[in-house]
Amino acid sequence: MSWKSSLRRHAGGVSSDTTSITIPDGLLPADGRFGCGPSKVRHEQVEAIVAARDTILGTSHRKPAVKNLVGDVRSNLSSLFSLPDGWEILLGNGGSTVFWDIATFGLINNRSQHLVFGEFSSKFADASAAAPHLGEPTIVTSDVGDHPAANAEPGIDLYALTHNETSTGVSMQLRRPSGVAAEQGLVAVDATSGAGGLMWNPADVDVYYFAPQKCFASDGGLWIAACSPAAIDRIETIGASDRWRPASLDLKIALDNSKKNQTYNTPAVATLVMLNAQLDWMLANGGLNFAAGRSAESAQKLYSWAETRDWATPFVTDPAKRSNVVGTIDIADHIDANEVCSALRANGILDTDAYRKLGRNQLRIGMFPAIDPADVAALTGCIDYVVEQLS
Ligand SMILES: Cc1ncc(COP(=O)(O)O)c(C=O)c1O
């Protein structure tokens with residue numbers, strides 16, 4: 001049995017009318033993982049876990065082997081993002097969702113402004129609104145498929161932006177609201193799906209936080225935050241105040257531990273190994289320009305293909321706001337996108353489904369740096385084939 005047939009078997013095999021479509025081997029991508037997180041893990045990252053078998057895995061996170069790994073992750077991220085002096089990489093357990101709660105305890109002084117343009121950006125706004133010790137946040141919204149802009153506003157001490165709204169495939173250029181200095185209003189960016197695949201300038205940001213299951217092609221469960229000197233000052237100031245903070249959500253505790261290359265409580269060591277292997281790969285090949293360049297190449301292939309099909313349309317109408325890491329393609333009503341996804345899945349092409357709550361007849365394609373642009377091109381050929389068979 002060829003590896004491609006075996007892939008089909010593992011993906012669920014042939015079971016219904018839709019899934020009885022067999023895509024010719026010559027059209028299939030070399031790797032069928034197009035999910036938007038967890039996303040494709042490169043084989044070399046799994047090999048890095050095997051290489052860490054006797055020396056790092058299963059050893060204490062308070063001893064040099066794991067602490068050096070955490071130190072490598074922190075310095076590699078600083079290099080990847082070209083962070084100026086004074087920035088720190090903080091990390092802890094719980095993923096980006098937990099970081100929203102952490103921010104309500106340790107980053108927002110009183111009131112935050114949130115740009116809400118999809119599921120994930122709305123969740124941080126909800127967390128801030130629910131925190132009893134904070135004032136009512138300002139919510140700035142836009143239509144789905146677009147994003148709003150941050151506006152300077154008196155009384156706001158944190159502006160919450162999202163680099164890439166994974167639910168809709170909209171990305172935004174990161175800019176400080178004009179006239180707002182970092183000391184007055186921190187710019188905190190949810191970069192969960194953008195970090196490592198989109199360019200940004202640290203001069204426009206104070207906190208750039210993410211989890212490693214997207215561009216960094218690892219498992220979830222960690223949060224990581226690159227913090228500017230102004231953000232560190234805020235953490236220290238709130239940390240010295242009498243605001244109650246649960247220890248596991250206390251940024252001051254996370255800061256102190258991170259500086260010692262450790263986490264407050266036990267981290268998933270294999271995730272750190274995979275993350276660091278991905279960082280090594282990115283840096284060895286040219287850093288963020290290389291990684292973001294791969295995603296940009298994939299995006300160019302996907303969107304230009306969709307524009308030439310009369311049954312497919314990029315969901316995001318403004319090309320400047322189309323994400324290079326998460327592509328959303330609307331499908332004409334006479335073709336059921338779910339059937340397309342089922343047929344793709346039966347052929348080993350996985351996780352192309354739309355974001356459930358968006359409720360559109362849509363495909364959503366991960367184009368993180370690990371995903372080969374040639375595979376994105378092959379995927380478009382497979383979609384063409386399936387649509388032709390369905391009609
Ligand atoms: C933009 C964005 N923010 C936050 C999250 C939540 O991340 P986590 O699952 O690590 O909590 C996600 C997950 O997909 C996301 O895409």
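Student: Before we start, when are two residues in contact?
Tutor: Two residues count as in contact if their C-beta atoms, placed from the backbone, lie within 7 Å. Keep in mind that this is a predicted model.

Student: OK, helix H8 then. What covers its buried residues?
Tutor: The cover includes helix H2 (43-51), helix H3 (64-80), strand E9 and helix H9 (288-307).

Student: Which residues of H8 are buried?
Tutor: There is a run from Thr271 through Leu272, Val273, Met274, Leu275, Asn276, Ala277 and Gln278 to Leu279. Met282 is buried as well.

Student: How far does H8 reach, end to end?
Tutor: H8 covers residues 269-284, which is 16 residues. From first C-alpha to last it reaches 22 Å, close to the 22 Å expected at 1.5 Å a residue.

Student: And what follows H8?
Tutor: Gly286 does. Its phi is positive, near 125°.

Student: Take E4 and E7. Parallel or antiparallel?
Tutor: Parallel, over five bridges. E4 is residues 158-162 and E7 is residues 186-190. Thr162 stands opposite Asp190 in E7.

Student: How does H4 pack with H5?
Tutor: The angle between H4 and H5 (residues 119-130) is about 40°, and their axes are 9 Å apart. The crossing is right-handed.

Student: Which residues make that contact?
Tutor: From H4, Trp100, Asp101 and Thr104. From H5, Lys123, Phe124, Ala127 and Ser128. By class the contact has three nonpolar, two polar and two charged residues.

Student: Now the sheet with three strands. What's the order there?
Tutor: E10-E11-E12, open, with antiparallel pairing. Strand E10 (312-314) and E12 are the edge strands, each pairing on one side only. The twist from one strand to the next averages 30°.

Student: What packs on it?
Tutor: H10 does, touching E11 and E12. The direction of H10 makes about 40° with that of E12. H9 lies across E10, E11 and E12 too, at about 130° to E10.

Student: How many bridges join E11 and E12?
Tutor: Five, between E11 (residues 326-331) and E12. Asp330 stands opposite Gln362 in E12. Thr328 has Arg364 of E12 as its bridge partner.

Student: E12 is an edge strand. How many of its residues are buried?
Tutor: Five of its five, across residues 362-366.

Student: Which residues sit on which side?
Tutor: Gln362, Arg364 and Gly366 are on one side, with Leu363 and Ile365 on the other. Both faces are covered.

Student: How do H10 and H11 cross?
Tutor: At roughly 115°, with the axes of H10 and H11 (residues 373-390) coming within 10 Å. H10 passes H11 in a right-handed crossing.

Student: Which residues meet there?
Tutor: Glu339, Val340, Ala343 and Leu344 in H10 meet Cys382, Ile383, Val386, Val387 and Leu390 in H11. By class that gives eight nonpolar, no polar and one charged.

Student: Last one. What comes after H10?
Tutor: Gly348. Its phi is positive, near 85°.

Methods. Residues are numbered from 1 along each chain as its sequence is written. This is a predicted model: local features need pLDDT of at least 70, side-chain atom pairs count only at pLDDT 80 or more; totals for chains, interfaces and linings use all residues. Two strands pair if DSSP finds at least two bridges between them. Helices (H or I, at least four residues) and strands (E, at least two) are DSSP runs, numbered from the N terminus. Axes are lines fitted to C-alpha atoms, for helices over the stretch in contact, and angles run from 0 to 180 degrees between N-to-C directions. A crossing is left-handed if the near helix is turned anticlockwise from the far one by less than a right angle, and right-handed if clockwise. Ala, Val, Leu, Ile, Met, Phe, Trp, Tyr, Cys and Pro count as nonpolar, Asp, Glu, Lys and Arg as charged, and the others, Gly among them, as polar. The expected span of a helix is 1.5 Å times one less than its number of residues. A residue is buried if 20 or more other C-beta atoms lie within 10 Å of its own, exposed if 12 or fewer, and partly exposed in between; C-beta atoms are placed from the backbone.
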